[in-house]
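Open the structure in your viewer and keep the selection tool handy. We will go from stop to stop, picking a few residues each time.

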Amino acid sequence: MGLYRDQGIVLRTWRLGEADRIVNLLTERHGKVRAVVKGVRKTKSRFGARLEPMVHVSLLLYEGRELDIVTQAEALEHFKRVREDLDRLAKAQVVLEATDHLAQERHANARLYSMLLGALRALAAHDAPLLVPAFFLRLLSTEGFHPLLHECAACGARYGLAGFDLAQGGVLCESCSARGDAGGLSPGGLDLVRRILGGDLSGALGTPLGPATIEVERLATRALEYHLERRMRSVPVVGALEG
Ligand SMILES: [Zn+2]
């Protein structure tokens, strides 16, 4: 591949030696890329603040064996309004971190890329209570986790849906949720989850903070943790180390 051009969003950075930095980027066409930025920490670096977390950049990279090398970077968006607000900044960090955990290296995922860019733009425009939970739920859906939302995941009942169980993969009716250790889900919470995953994301993001948004936030966080745990357990090397 040699030199290649792409756009990306900086997910995470860390120092490498005295002057260099390693950056994890989510790129549009090459998936997650880990690259070295040489001399970035010198005061006269030509890269300046273009390769800080959250910046949307246009890049020219050189493909290396383990790490690529950033040879040019031009900032497209800094998301200044997110940086200047601690609450939004914290939300952006959570979103970047979750992406960093789930994105696969050198595996293009255009949907994930546009979701991340969309989330940062939405956050710059409005500090929505459901921004992070909506991102988590949609991130999981790109990973193949599509919860059943219109019928009980255990018995198929379509009415009286009142719980949510991750192991069963969706909502549960009242009697099925009473049997297990499913978390409760109110009609308002269920409606928000349906809208987030069913094509009314912007409507859901307009919902003000309230009991239903808090419920969805808890559900989405549990769902992401559950998925990450299961995925970590499924990596053979982890089992080998533990065993
Ligand atoms: Zn049921």
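This is a predicted model: local features need pLDDT of at least 70, side-chain atom pairs count only at pLDDT 80 or more; totals for chains, interfaces and linings use all residues.

If you search for ring pairs with centres within 6.5 Å, the count comes to zero aromatic pairs.

One ring still deserves a visit. Select R12 and W14: the charged end of R12 sits over the ring of W14, 4.3 Å from the ring centre.

Next, the backbone. Most residues other than glycine have a negative phi. Select F79, which is not a glycine and yet has a positive phi of about 55°. You will find F79 in the loop between β5 (68-77) and α1 (80-83). Is F79 buried or exposed? Its relative accessibility is 7%, so F79 counts as buried.

Now move to R106, another non-glycine residue with a positive phi, here near 50°. R106 belongs to the loop between α2 (86-102) and α3 (110-125). With 37% relative accessibility, R106 counts as partly exposed.

Time to go inside. The largest nonpolar core has 57 residues, and the members touching the most others are M54, L116, F135, L139 and L224. Which element gives the most to this core? Colour α3 to see it: that helix contributes nine residues.

Setting aside neighbours within four places in sequence, F135 is in contact with V95, T99, M115, L116 and A119.

For the last stop, select V10, V23, V55 and L61. These are among the 16 residues of a second, separate core.

Methods. Residues are numbered from 1 along each chain as its sequence is written. Side-chain values use heavy atoms; hydrogens and water are left out. Rings of Phe, Tyr and Trp (its six-membered ring) pair if their centres lie within 6.5 Å; planes under 30 degrees apart count as stacked, over 60 as edge-to-face and the rest as tilted. A charge sits over a ring if NZ of Lys or CZ of Arg is within 6 Å of the ring centre and within 35 degrees of the ring normal. Helices (H or I, at least four residues) and strands (E, at least two) are DSSP runs, numbered from the N terminus. Buried means under 20% relative accessible area, exposed over 50%, partly exposed in between (1.4 Å probe, protein chains only). A nonpolar core is a set of buried Ala, Val, Leu, Ile, Met, Phe, Trp, Tyr and Cys residues joined through side-chain atoms within 4.5 Å. Contact means heavy atoms within 4.5 Å.
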